[in-house]
Amino acid sequence: EANLFCSPGNITVISGSDVEIVARDFGGSEDPVTVSYDLARGFWKTEPTTEREVTDNGGAATEEHVYTFRDIRGTLSYYFERGENKTATYTITVVNKPVVTAISLVLTPPSYTGENPDTLVDAGGSVHALEGTHVAIEGKSNNILDKAWVQFDDGEMKPITAVGRDFNFEFPALRDGTYGIVMRDSLGHETDEPLVYSIDVYEDH
């Protein structure tokens, strides 16, 4: 009787990863080893595996049956099968790195102008403001956040408030520049390449 063992079992990976799964058979069956995986809920696809031989430190050879999921974008379940024997069903959980999904600005002009604050929901995060304007930014992430920072074009990373999926921070608009938001989610994944938002400051004439 075949004795199929599977690795890595249940794992969590970042979207876009390649994932190699391996079945090892210690039973000596000659039947082909296939892998079945769940493309969409309830729709399974079966594929052949590639065989390779692995030698342990003692010189004993073990055959492995390998399949690689390329550029995996969604969570899926899988199992290996050989003849009448199959492994348990395991899950590859796919998660995304944290990104900004919404951002809004409240621009409060200097008090001498007598102007009311201006709330911008669809400005895309870019700031266009009179010199001395107080800028308050609120946003949301796709993931639950552990920490977040704002990085201005001077390179300094400043911690900002992050609760759940929400973050916020504020700064005075004193000069032209840029800022980006770097986030670390509750699983420890960090923003790869944060979007860069412009800060355009004009003088009062």
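This is a predicted model: local features need pLDDT of at least 70, side-chain atom pairs count only at pLDDT 80 or more; totals for chains, interfaces and linings use all residues.
Visitor: How much space lies in the largest pocket?
Guide: A pocket is an open set of points on a 1 Å grid over the protein atoms alone, where a 1.4 Å probe fits, with protein on both sides within 12 Å along at least five of seven lines; lining residues have an atom within 4 Å of a point. Points are joined across faces, edges and corners, and a volume is the space filled by probe spheres set on them. For the largest pocket this space is about 260 Å³.

Visitor: Which strand gives the most to the lining of the largest pocket?
Guide: The lining has 17 residues, and those closest to the pocket centre are F152, K158, F171, P172 and I199. Strands are DSSP runs of E, at least two residues long, numbered from the N terminus. At least two lining residues come from each of β15 (145-152), β16 (157-163) and β17 (166-173). The most, 5 residues, come from β17.

Visitor: How many residues of the lining of the largest pocket are charged?
Guide: Asp, Glu, Lys and Arg count as charged; Ala, Val, Leu, Ile, Met, Phe, Trp, Tyr, Cys and Pro as nonpolar; and the others, Gly among them, as polar. The lining has 10 nonpolar residues and 1 polar residue, and the charged ones number 6.

Visitor: Which strand supplies the largest share of the lining of the second largest pocket?
Guide: This pocket has a volume of about 150 Å³. Its lining includes L107, H128, A129, L130 and Y202, and by class has 5 nonpolar, 3 polar and 2 charged residues. The largest share, 3 residues, comes from residues 127-130, strand β13.

Visitor: Is the aromatic pair of W44 and Y79 stacked, edge-to-face or tilted?
Guide: Rings of Phe, Tyr and Trp (its six-membered ring) pair if their centres lie within 6.5 Å; planes under 30 degrees apart count as stacked, over 60 as edge-to-face and the rest as tilted. The count comes to 13 aromatic pairs. W44 and Y79 lie 5.4 Å apart centre to centre with 45 degrees between the planes, and the pair is tilted.

Visitor: Is Y79 buried or exposed?
Guide: Buried means under 20% relative accessible area, exposed over 50% and partly exposed in between, with a 1.4 Å probe and protein chains only. W44 is partly exposed at 40%. The relative accessible area of Y79 is 13%, so Y79 is buried.

Visitor: Which residue has its charged end over the ring of Y79?
Guide: A charge sits over a ring if NZ of Lys or CZ of Arg is within 6 Å of the ring centre and within 35 degrees of the ring normal. The charged end over the Y79 ring, 4.4 Å from its centre, belongs to K86.

Visitor: How many residues are in the second, separate core?
Guide: A nonpolar core is a set of buried Ala, Val, Leu, Ile, Met, Phe, Trp, Tyr and Cys residues joined through side-chain atoms within 4.5 Å. The largest core has 22 residues, of which V127, I137, F169, F171, Y179 and I181 touch the most other members. The second core includes C6, V13, Y37 and V94, and its residues number 17.

Key: Residues are numbered from 1 along each chain as its sequence is written. Side-chain values use heavy atoms; hydrogens and water are left out. Helices (H or I, at least four residues) and strands (E, at least two) are DSSP runs, numbered from the N terminus.
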